[in-house]
Amino acid sequence: MIPLDQIVQGDCIDLLRSVEPFADLVFADPPFNIGYKYDVYEDRKAYDEYYRWTRDWMTACKRILKPTGSFWIAIGAEYAAEVRFIGRELGLTLRNWVIWHYTFGQNTKRKFARSHTHLFYFTMHPTEFTFNDKAVRTFSDREREYNDKRANPDGRIPDDVWTEFPRVCGTFGQREGWHPCQMPEPLLARIVRVCSNPGDVVFDPFSGSGTTAAAAKRLDRRYAGTEISAEYVKNANARLAEIQTLRETAAKNNGRWSEEMLDLLNGAYAEFALPTDRLYANPHLFTRFVERFHHRLRHSGVEGEYSSEEIWRQLEMLRKSVRLVKIRAHADEPASLPIRATPEYETEPPSKKTGRKDKTGLSTLFS
Ligand SMILES: C[S@@+](CC[C@H](N)C(=O)[O-])C[C@H]1O[C@@H](n2cnc3c(N)ncnc32)[C@H](O)[C@@H]1O
């Protein structure tokens, strides 16, 4: 039995032995065998040993997935082909081979700098699995650039090259500091939202700093995890104890949104990639923004309804306090993660505040 809502210490293969299928989603980010410094695990093994070990833990994880489960694996370029091959041997269905392209990679002297990780998205069943498309849909170029009526009103599913998630580096506020390779939580949140539902069980065999569990807990899923280092287990469980679900933090405090809700809004704004001036100038786009934000909320376990005016107000608060994510002009420009916001002041839509003609078009929305 793997206990829920905690991370347990031990070797994942041992701990998963003779456990019945219980997980709806597994996210595994194993050591890449490139000599990283962990506290107890030795990250430099002979090729054959690492290959056998990869096959063993992938087999163990497949066994504890429910028949409709999804299995995501993060791996470096050195062993990506092997993981894909083992996935085929195990009879898993490959849905996507995602490239996570990040900024802030380490500099190199005699080869190109490492700036991506491979993310394999496998499912147990070829057609029966959870894929909450509306939890991730964003704006298409047809909507964003061309105002084309033929655009799908539900928006567009993002591409399989992800550029919106910078690595968690030394100086970043979200960094736990005691783990060498913490994943960004927004990246895990995308996977958890799209491949599971509130109440489902998310499992991570290599929990590290507990990022998968943190995203799962925040989004109202059950979580479970194993980790070989007793120190990491202690720290990760302490990190998890501090986390409240988004549903719990959604309750407003004197009209103010919680920092977690503002993070969700800021993250959606970054992925939708429509700057506020264009959003405000086009009521149709703003309506779509609001609809899609609500889909994200629901797939994050929050049932509330927020008016367009309220969402506008929160966006304006973020913008005026210089906390709104910078929208990139091109894909190559580094993305910026949502920065925690402190809701300091209230403001009014221009139409209401001045009583003058509203150049933003928002008065149409709010009338
Ligand atoms: C790449 S890190 C995971 C980082 C994690 N995704 C995060 O965001 O913090 C890999 C982790 O696997 C752990 N580990 C190595 N071998 C293990 C095993 N056999 N069973 C469980 N955990 C193991 C290491 O201690 C390390 O913390």
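Predicted model: local features only at pLDDT ≥ 70, side-chain atom pairs only at ≥ 80, totals over all residues.
Now widen the selection to residues 93-101 and 161-162. E4 and E6 run parallel and share two bridges.

Pick Leu94 to check it; its bridge partner in E5 is Phe122.

Next, go to the ligand. Around it stand 21 residues, and the closest are Asp29, Phe206, Gly208, Ser209 and Thr211. Colour the shell by type: eleven residues are nonpolar, seven polar and three charged.

Move on to helix H7, residues 230-241. Show the side chains of Tyr232, Val233, Asn235, Ala236, Arg239 and Leu240, which are buried in H7. What covers them? Strand E1 (6-9), helix H6 (211-218) and strand E8 (222-227) are included in the cover.

Stay with H6 and E8. Asp220 sits in the loop between them. Its phi is positive, about 70°, though Asp220 is not a glycine. Most residues other than glycine have a negative phi. Is Asp220 buried or exposed? Asp220 has 20 C-beta neighbours inside 10 Å, so it counts as buried.

Last stop: Ala273, in the loop between helix H9 (259-272) and helix H10 (276-281). Ala273 also has a positive phi, about 55°, without being a glycine. Here the count inside 10 Å is 16 C-beta neighbours, so Ala273 is partly exposed.

Notes: Residues numbered from 1 in each chain as written. Buried ≥ 20, exposed ≤ 12 C-beta atoms within 10 Å, placed from the backbone. Helix = DSSP H or I, 4+ residues; strand = E, 2+ residues; numbered from the N terminus. Contact = placed C-beta atoms within 7 Å. Pairing = 2+ DSSP bridges. Near = placed C-beta within 6 Å. Nonpolar A, V, L, I, M, F, W, Y, C, P; charged D, E, K, R; others polar.
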